[in-house]
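Open the model in your viewer and keep the sequence panel beside it. The stops below go from one selection to the next.

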Amino acid sequence: MSGQATFSGQAPDADAIEAIARATIARLPVQFAAHLGDIVFAVEEFADDETLAALGLEHPLDLSGLYHGRPLGEKSSMDSGTMPDRIVLYRRAILEEWIETGVRLDDLVAHVTIHEIGHHFGLSDDDMHALEESVPDDSGS
């Protein structure tokens, strides 16, 4: 995929959002990409009520992505038998933000994806921003 994805009058589906996210992951610096193999990646319509309540959020459009798991720096060999880490992107919240902000969909999905990956690595917001800046965009610019 090169540049801004185009959509024929219909909102991008979960597969389109996932394709953008996976393209972003493929462009990550190797030192990050090498530690993402065991993460389960999913795109869902909305966060469920239990997830929203756990985060203190009232509306599903307030959450565009979520990392479920323990950051790499907090893991130990005693973690065997635990559920795999997951990154979930919430399609409807992403689309709402896309419409409201006018940010390119590719850029928005990349931003959310990198933010959630940053949680996997235990990065600060500043570190996440630096990681995002290090990922070349797909537009050739």
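Start with Gly-102, which has a positive phi of about 75° and lies just after H4. Helices here are DSSP runs of H or I of at least four residues, strands are runs of E of at least two, and both are numbered from the N terminus. This is a predicted model, in which local features need pLDDT of at least 70 and side-chain atom pairs count only at pLDDT 80 or more, while totals for chains, interfaces and linings use all residues. Residues are numbered from 1 along each chain as its sequence is written, and side-chain values use heavy atoms, with hydrogens and water left out.

Next, select H4, residues 91-101. Its buried residues (under 20% relative accessible area, 1.4 Å probe, protein chains only) include Arg-91, Ala-93, Ile-94 and Leu-95. Among the elements covering the buried residues of H4 are helix H1 (14-26), strand E1 (40-44), strand E3 (86-90) and H5.

Show the side chains where they touch (heavy atoms within 4.5 Å): Ile-94, Leu-95, Glu-97 and Trp-98 from H4 meet Leu-105, Leu-108 and Val-109 from H5.

Finally, stay on H5 and pick Ala-110. Is Ala-110 buried or exposed? Ala-110 counts as buried because its relative accessibility is 11%.

Conventions. Axes fitted to C-alpha atoms, helices over the stretch in contact; angles between N-to-C directions. Buried < 20%, exposed > 50% of the residue type's maximum accessible area, 1.4 Å probe, protein only.
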